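Good morning, everyone. Please look at the screen, and I'll walk you through a loop and a sheet.

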Amino acid sequence: MPKIRLSRTSKGANKLRAYRVLIDDKYVGVIHRNQNKEFEVDFGEHTIQCTIDWERSNHITVDIQDDLEELEVIAKGVFESAIRAIFPFDGRDKYLTLSKKSK
């Protein structure tokens, strides 16, 4: 069964909180700080997103042709989070960044 492996770094202001993981707009679990988590999926195209409270990441679409697709989610740092709390004008999908992990 093919998998999506999601990694979360230690960066970010929400060190003690989990991010919700959505695959194809369905909740599949959470990921914690410094964690790697695998989610089984079918071959084909899938859309992934992470959320925390009202904030969310960008959507990323992957076409699973191999057994494993590696992604990474990174949050804004403490300073960036403080500025964002004062000036939250850049959209709710800018707090977390989801991207393909470089191999």
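Let's begin with Asp-24. Asp-24 is partly exposed, because its relative accessible area is 33%, and the cut-offs here are under 20% for buried and over 50% for exposed. Keep in mind that this is a predicted model.

Where is Asp-24 found? It sits in the loop between strand 2, residues 19-23, and strand 3, residues 26-31. Now its backbone. Most residues other than glycine have a negative phi. Asp-24 has a positive one, near 55°.

Next, Asp-25. This residue also lies in the loop between strand 2 and strand 3. Is Asp-25 buried or exposed? It is exposed: the relative accessible area is 65%, and the cut-off is over 50%.

A quick reminder: strands of a sheet pair through backbone hydrogen bonds, either parallel or antiparallel.

Let's zoom in on one pair. Strand 8 covers residues 68-75. Strand 8 and strand 9 run antiparallel. How many bridges join them? Five. Find Ala-75 on your screen: it stands opposite Leu-96 in strand 9.

That's my tour. Over to you.

Technical notes. Residues numbered from 1 in each chain as written. Predicted model: local features only at pLDDT ≥ 70, side-chain atom pairs only at ≥ 80, totals over all residues. Heavy atoms only, no water. Pairing = 2+ DSSP bridges. Helix = DSSP H or I, 4+ residues; strand = E, 2+ residues; numbered from the N terminus. Buried < 20%, exposed > 50% of the residue type's maximum accessible area, 1.4 Å probe, protein only.
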